[in-house]
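I opened my notebook to keep track of what I looked up, one entry at a time. Follow along with the picture if you like.

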Amino acid sequence: MIKPIFLFTVLLIVTLASGLQAAPVYVDKPTAEASDLMKQYVMSSVAERVEVLHRLEVLSTKHPDNVNVRRMYANLLVSDRKYDSAISQYEMLNKKNPRPVLLLPECMLKERVGKKDKGCYQSVIAIAEEKNILDSDYLTALYFADDQRFLAEKEKLINADKMTKAELAVFSLSRDRILYTLYP
Amino acid sequence: MTIRKFSNNSTVIKGFNFSTLAHLGVEGVGLANGGFSISLIVKEENVEEGKHLYVSATGRSNAAKAAGNGSLLFWCKVINLTDGREYVLDRRKGESFAVGFDDVLIGSAMLFLAKKINHPPSIQVKAGYIFDSGYTGLATPFPSELSKIVRLKPFKDEP
């Protein structure tokens, strides 16, 4: 006969496990709060977005070293077309530990607002090569830096089946067309 | 943009496919795989007072596959340009949809466009997605949304 205490333990474990599955899995509470604000922003009206963005700004000020919160704040500033403010946030993010994934938007935004910085793209390329992260961001940086290796690296990625020709068709567009589509 | 169309006297069903290139700031995604597309089905039925509209949508992007983890939350809003009211597409209980293997269901919305003389009926569609890494938070693509105007069949008794 199954003892009641055993049944109770099994039920408790199942309940806890299902609860854990449903609970947010974000790395920390500020990240969870910022994620919630991002969702709110997307579904808000234009007037409501001002308040949501302000709350995210307050959260990033309260947790200045939280990369996730600042990244999400920078992300929403771009969505809100506040490009100069977004650049400042990306500069802060890239000051200590620059990564291609966050440095590339900084370079492209600078070019979009008329402050093209070729050295910025070259930094993305150098970091990517150092860390051996030869992906879309690396190729994008080569393209925007007018680097002569672009075509050869593009072919390498296709031949290695890392990317398809269709995925890389975007690079047949002009740099202005790409910039103004991404950052209207 | 691609369009498919079916119609009889009062009802018209059109299918639209809108897409945009986009950059998602997530490792492995970037510009090559951040783009997305939205497929819309618009069913319009003319009546004396105006037009009943049923809009359903699915989204598609390679972003999550390219990232290797995370999920995509697609969203879509429809704005009635006759009166400016906004409708968010969602999933209602008991409703069923046919979707493709790589499609993410967004949902549907029903609206009514009151007849306005000399005001051709049209709606604005806004859509996008949120990438949820499930650990380091969310990210939206650049541009964060695509926006298109869909012109509809004229109101009843209007040329």
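**Entry 1: the domains of chain A.** The C-alpha centres of domain 1 and domain 2 of chain A are 27 Å apart. Domain 1 of chain A covers 26-80, and domain 2 of chain A covers 99-184.

**Entry 2: the make-up of chain A.** I went along chain A and noted 10 helices and 0 strands. Written out in order, chain A reads α-α-α-α-α-α-α-α-α-α. Next I checked burial: of the 184 residues in chain A, 34% are buried. I also looked at contacts in chain A between residues at least 6 apart in sequence, and 37% of these join residues at least 24 apart.

**Entry 3: one helix up close.** I picked helix α2 of chain A, which runs over residues 29-43 and has 15 residues. From first C-alpha to last, α2(A) reaches 22 Å, close to the 21 Å expected at 1.5 Å a residue. Which residues of α2(A) are buried? I wrote down Thr31(A), Glu33(A), Ala34(A), Ser35(A), Leu37(A), Met38(A), Tyr41(A) and Val42(A). A reminder to myself: an α-helix has 3.6 residues a turn, so residues three or four places apart point the same way.

Then I asked what covers the buried residues of α2(A). From chain A, the cover includes α3 (46-62) and α4 (67-79). From chain B, the cover includes β5 (71-80), β8 (122-132) and β9.

**Entry 4: where the chains touch.** That took me to the contact between the two chains. Chain A puts 30 residues into the contact, and chain B puts in 26 residues. On the side of chain B that touches chain A, α1 (30-33) and β9 (138-139) each supply at least two residues. Of the elements of chain B, α1(B) gives the most to this side, with 4 residues. Sorted by class, the side of chain B that touches chain A has 14 nonpolar, 11 polar and 1 charged residues.

**Entry 5: strands in chain B.** I traced strand β2 (residues 11-20) of chain B and found that it pairs with strand β3 (residues 36-47) of chain B in the antiparallel sense, over 10 bridges. Across this pairing, Val12(B) stands opposite Glu44(B) in β3(B).

β3(B) also pairs with strand β4 (residues 50-61) of chain B, again antiparallel, over 12 bridges. Here Lys43(B) stands opposite Tyr54(B) in β4(B). How many residues lie between β3(B) and β4(B) in their hairpin? I found 2 residues between them. Another reminder: in a regular strand the side chains alternate between the two faces of the sheet.

**Entry 6: a glutamate in a loop.** I searched for Glu145(B) and found this residue in the loop between β9 and β10 (146-151) of chain B. Is Glu145(B) buried or exposed? Glu145(B) counts as buried because 21 other C-beta atoms lie within 10 Å, and the cut-off is 20 or more. Leaving out residues up to four places away in sequence, Glu145(B) touches Lys126(B), Ala127(B) and Gly128(B). I also checked Ser56(B), 89 residues from Glu145(B) along the chain, and their C-alpha atoms are separated by 17 Å.

**Entry 7: the confidence scores.** I closed with the scores of the prediction. The mean pLDDT of chain B is 90, and 94% of the residues of chain B reach 70 or more. For the model, I noted ipTM 0.86 and pTM 0.87.

Terms used:
Residues numbered from 1 in each chain as written. Chains lettered and ligands numbered in written order. Predicted model: local features only at pLDDT ≥ 70, side-chain atom pairs only at ≥ 80, totals over all residues. Domains from an automatic or database assignment. Buried ≥ 20, exposed ≤ 12 C-beta atoms within 10 Å, placed from the backbone. Contact = placed C-beta atoms within 7 Å. Nonpolar A, V, L, I, M, F, W, Y, C, P; charged D, E, K, R; others polar. Pairing = 2+ DSSP bridges. pLDDT = per-residue confidence, 0-100. Expected span 1.5 Å × (residues − 1).
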